[in-house]
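Reader: I would like to go through some strand pairing and helix packing here. Please show the sequence and structure before we start.

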Number of protein chains: 2
Amino acid sequence: MHFSRTDQDSLYSVIRSRRDMRHFDPQGSVDPVVLERVLAAAHHAPSVGLMQPWRFIRILDDVLRETIAEHVTEERLRTASSLGSRKEEFQALKVEGVRECAELLAVVMVPDDGTLFGRRTMPREMAVASCACAIQNMWLASRVENLGMGWVSLFDPEIVRKILQCPTGAFPLALVCLGPVQAFYQEPMLEETGWRKGRSLAESIDENFYADKKSIDEGIE
Amino acid sequence: MHFSRTDQDSLYSVIRSRRDMRHFDPQGSVDPVVLERVLAAAHHAPSVGLMQPWRFIRILDDVLRETIAEHVTEERLRTASSLGSRKEEFQALKVEGVRECAELLAVVMVPDDGTLFGRRTMPREMAVASCACAIQNMWLASRVENLGMGWVSLFDPEIVRKILQCPTGAFPLALVCLGPVQAFYQEPMLEETGWRKGRSLAESIDENFYADKKSIDEGIE
């Protein structure tokens with residue numbers, strides 16, 4: 001398989017226009033065939049030692065979704081309280097679309113299966129990283145399907161583990177909101193709203209050794 | 001930006017044909033313009049609270065690359081020793097291309113900047129996940145540029161941190177081998193060599209609650 005300049009431009013457009021979405025069309029739905037393609041993309045992700053430490057749980061039950069939504073609201077309030085002087089600014093932001101998105105999924109890291117290949121020295125980091133690669137594939141697949149996706153991390157993993165009846169050792173990493181949106185943010189929502197400004201690429205590249213650069217937004221939550 | 005069926009097919013082809021490469025063309029090189037596009041793709045990754053916790057270090061110095069390669073060899077031997085009955089089978093596999101790849105980079109997670117947004121409850125997992133999303137973007141960008149990429153995790157992060165003169169609290173997550181390859185593996189190399197077989201997508205999907213499925217390859221390293 002040899003890719004062309006057209007394929008390259010297409011992928012880079014998907015990568016550049018992908019957004020962490022919190023605003024969804026509450027009347028939207030996701031075609032089951034499209035959902036299958038998005039999940040297949042996730043499952044094609046790399047994983048250390050081919051451990052594939054992910055489980056995708058579709059939340060179909062309305063009561064279960066509401067239980068999760070209430071927990072996320074609680075965590076949002078706890079986060080607000082911990083933010084000090086930026087509490088009110090944070091509370092004015094829409095930070096999740098758990099109730100409105102067409103499809104709610106949880107991505108759960110499964111209990112460690114003991115894989116040693118490539119993770120003798122960093123077992124937990126490599127399992128988390130493998131799940132994150134799957135979620136990033138899911139994100140790009142959603143975007144190319146013209147669907148919005150948001151990764152909600154405003155929850156206590158131990159509480160969500162119990163809500164979803166996961167075994168001990170499983171670890172929910174993401175609540176994924178998926179579905180049609182009215183419009184994609186032009187820029188990351190945290191930049192559009194003035195919450196925080198991203199760094200330039202140049203500030204993230206070094207040669208040979210780690211350089212002691214100050215981040216332009218140091219100290220900002 | 002609305003994507004078409006052509007864009008969708010293209011992205012899914014990239015996702016399906018991406019491989020963790022260990023065999024590189026030792027005479028290969030990467031056009032600086034292409035490298036810039038690949039790193040820009042990485043930098044366009046999502047990050048929790050827009051923290052962008054990644055640093056990309058290009059290893060240009062030959063002596064530095066050799067120091068890293070020697071450390072990776074040591075860790076490969078330690079991993080082999082820990083694998084018990086599969087030690088020899090592991091030793092017969094080519095597991096990294098640090099010496100042969102055209103470009104060697106380290107992806108380092110920067111010291112925690114205290115971002116609370118979206119990571120009050122899972123600070124470390126969300127920083128690792130953000131870096132992994134960047135690496136996955138890098139992987140897909142490399143593939144669409146017809147370059148091979150391998151994520152080497154056979155190293156002690158504390159030793160590599162010191163080799164790269166990273167500050168306390170920084171954490172090298174990946175040594176990234178990048179460059180031209182003679183051919184991409186048709187299937188993940190660990191499947192082609194019979195090391196391990198992946199699960200089906202269906203085995204990774206649940207509805208509402210986590211189901212107690214036995215992995216088909218349970219117990220395999």
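Author: Contact here means heavy atoms within 4.5 Å. The model is predicted.

Reader: Which residues of H5(B) are met by residues of H2(B)?

Author: H2(B) covers residues 32-43 and H5(B) residues 123-144 of chain B. From H2(B), the contact involves Val38(B), Leu39(B), Ala41(B) and Ala42(B). Across from these, the residues in H5(B) are Ala134(B), Asn137(B), Met138(B), Ala141(B) and Ser142(B).

Reader: How many nonpolar residues does the contact of H2(B) with H5(B) have?

Author: No charged residues take part, and two are polar. The nonpolar residues in this contact number seven.

Reader: At what angle do H2(B) and H5(B) pack?

Author: Two packed helices are described by the angle between their axes and the distance between the axes. H2(B) passes H5(B) in a right-handed crossing. The axes lie 7 Å apart, and the angle is about 145°.

Reader: Which residue in S1(B) is the bridge partner of Asp206(A)?

Author: S5 of chain A, residues 205-207, runs parallel to S1(B), joined by three bridges. Within S1(B), the partner of Asp206(A) is Ile57(B).

Reader: Which residue in S2(B) does Arg58(B) stand opposite?

Author: S2(B), residues 103-109, pairs with S1(B) in the antiparallel sense over six bridges. In S2(B), the residue opposite Arg58(B) is Leu105(B).

Methods
Residues numbered from 1 in each chain as written. Chains lettered and ligands numbered in written order. Predicted model: local features only at pLDDT ≥ 70, side-chain atom pairs only at ≥ 80, totals over all residues. Heavy atoms only, no water. Pairing = 2+ DSSP bridges. Helix = DSSP H or I, 4+ residues; strand = E, 2+ residues; numbered from the N terminus. Axes fitted to C-alpha atoms, helices over the stretch in contact; angles between N-to-C directions. Left-handed = near helix turned anticlockwise from the far one by under 90°. Nonpolar A, V, L, I, M, F, W, Y, C, P; charged D, E, K, R; others polar.
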